[in-house]
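Dear colleague,

I am handing over the structure we spoke about, and my notes on it follow directly below. Please read them with the coordinates open beside you.

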Amino acid sequence: MTMLLRNARLATMSPNRAGLGVIEDGAILIEDGRIACVGDERSVPVADGIVVVDCGGRWITPGLIDCHTHLVHAGNRAREFEMRLAGATYEEIARAGGGIVSSVRQVREASEADLVAESLPRLDALLAEGVTTVEIKSGYGLTVEDEGKMLRAARSLANERKINVTTTYLGAHATPADYKGRNGDFIREVVLPGLDAAHAQGLVDAVDGFCEGIAFAPDEMRTVFEAARAHGLPVKLHADQLSNLQGAALAADYGALSADHLEYTDSEGAAAMTRAGTVAVLLPGAYYFIRETKKPPIDLFRRHATKMALATDCNPGTSPLTSLLLTMNMGATLFHLTVEECLAGVTREAARALGRLDSIGTIEVGKQADLAIWNIENPAELVYRIGFNPLYRRIWRGELASTSMSGVSS
Ligand SMILES: [Zn+2]
């Protein structure tokens, strides 16, 4: 199957071109789901018998990539949100069964099919805005069995929709009640065996953890990362979100694909990340939702030329967000990112944060033909508008995949 997209304006995001890598009067030739040729319309060959799509001068970007989500979960925490707004303390919420323990309980009670069914509407919301790749973490099962169940549910979503799904093992997300105060035992008895089991089933693309005073200490994370390394799996880390435990530097030590959150990261951490090629994944939805006031050190990352990505962090507790368009707006408004940084953050740099830049994230020859076509006059509109979705068509592996929220394909 060969298709030519013509009469388009392209924001290729190619690192070999300046800015957004714009090609006016652009065309893309797609063969067997891959980009065979891209450039000025006059330079792209037209053969007989190919499908030609006139894009009417619309803009085309790479399909968007959400590189940090906890999209597979059960239930929600709206009641807890309501209590908090009414003035309840964390202790009162915990006594009422709220907090992460409620998400863990609901995931354990859910079947794999329940998890898929509950997660699909959230996935559809992302797809409706041109997302073609989503990363999904485990981390609410916290038993060997339930972590595997979450990862299988995440992988199943790729059978339900036209989407690339990458899965990340996050056994070291929180310590369940029965291991309270015994992190070492939990890692030895659950996190590491859970990783072995999930990896043996081919369910793990990367290994993640939550390094924080309220979660796991740096040395505990090292134990998990050593196990990942022994399996040849890349790592990521929830780092420096609420305090500076030198999580960014720890992640860089292990050549992490990404370190994520990073509100408290310092200059040493940023420098170490740049040296290791570790991407800074910024999560403005969580910053917004928990009313954090300390911003991630964007200027430090710029000064050290640390690559920056943006993601929803879609999760029931601290970022119930399923919009990458809104995430970009928050990145600009709350973190002062530029339009170029926002767009790169949900395309090229998000691909880099998943270790997939060789196959997705830019419009370049040889890459998967994952694209989004937009009803816009200027790419800045994708960052500027709030609550408005200008997606015209989503293309996944060269197939026209969806037109609107209601038309999301299966
Ligand atoms: Zn997260």
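**Pockets, a cavity and helix packing**

The largest pocket holds about 1,200 Å³ of space. Its lining is made of 37 residues, and those closest to the centre of the pocket are Arg77, Gly99, Ile100, Val101 and Ile214. Please bear in mind throughout that this is a predicted model.

Three helices each supply at least two residues of the lining of the largest pocket, namely helix 1 (78-85), helix 2 (90-95) and helix 3 (100-109), and helix 3 gives the most, with five residues. Sorted by class, the lining of the largest pocket has 16 nonpolar, 13 polar and eight charged residues.

The second largest pocket has about 240 Å³ of space. Of the 15 residues that line the second largest pocket, Thr306, Lys307, Met308, Glu341 and Arg348 lie nearest its centre. Two or more lining residues come from each of helix 11 (298-303), strand 13 (308-310), helix 13 (339-345) and helix 14 (348-353). The lining of the second largest pocket divides into seven nonpolar, one polar and seven charged residues.

The residues that line the largest cavity are Pro62, Gly63, Ile65, Thr132, Thr133, Ile360, Gly361, Gln368 and Asp370, and by class they are three nonpolar, five polar and one charged.

Two helix pairs also deserve a look. In the pair formed by helix 4 (residues 112-127) and helix 5 (residues 144-160), the axes are 9 Å apart and the packing angle is about 55°, which means that helix 4 is oblique to helix 5. The crossing of helix 4 past helix 5 is right-handed. On the side of helix 4 the contact is made by Glu112, Leu115, Val116, Ser119, Leu120 and Leu123, while helix 5 contributes Lys149, Met150, Arg152, Ala153, Ser156, Leu157 and Glu160. Taken by class, the contact of helix 4 with helix 5 comprises seven nonpolar, two polar and four charged residues.

In the other pair, helix 6 (residues 183-200) packs with helix 7 (residues 218-231) at an angle of about 20°, and their axes lie 11 Å apart. Angles under 35 degrees count as roughly parallel, and helix 6 is therefore roughly parallel to helix 7. Helix 6 passes helix 7 in a crossing that is right-handed. The contact involves Asn183, Gly184, Ile187, Val191, Leu192, Leu195, Asp196 and His199 from helix 6, together with Glu220, Thr223, Val224, Ala227, Ala228 and His231 from helix 7. By class, the contact of helix 6 with helix 7 has seven nonpolar, five polar and two charged residues.

Asp25, which is placed in strand 2 (residues 22-31), has a positive phi of about 50° although Asp25 is not a glycine. His261, which is placed in strand 11 (residues 258-261), likewise has a positive phi in a residue other than glycine, with a value near 90°.

With best wishes

Terms used. Residues are numbered from 1 along each chain as its sequence is written. This is a predicted model: local features need pLDDT of at least 70, side-chain atom pairs count only at pLDDT 80 or more; totals for chains, interfaces and linings use all residues. Side-chain values use heavy atoms; hydrogens and water are left out. Axes are lines fitted to C-alpha atoms, for helices over the stretch in contact, and angles run from 0 to 180 degrees between N-to-C directions. Helices (H or I, at least four residues) and strands (E, at least two) are DSSP runs, numbered from the N terminus. Angles under 35 degrees count as roughly parallel, over 145 as roughly antiparallel, 65 to 115 as roughly perpendicular and the rest as oblique. A crossing is left-handed if the near helix is turned anticlockwise from the far one by less than a right angle, and right-handed if clockwise. Contact means heavy atoms within 4.5 Å. Ala, Val, Leu, Ile, Met, Phe, Trp, Tyr, Cys and Pro count as nonpolar, Asp, Glu, Lys and Arg as charged, and the others, Gly among them, as polar. On a 1 Å grid over the protein atoms alone, a cavity is a set of points where a 1.4 Å probe fits but cannot get out, and a pocket is an open set with protein on both sides within 12 Å along at least five of seven lines; lining residues have an atom within 4 Å of a point. Grid points are joined across faces, edges and corners, and a volume is the space filled by probe spheres set on the points.
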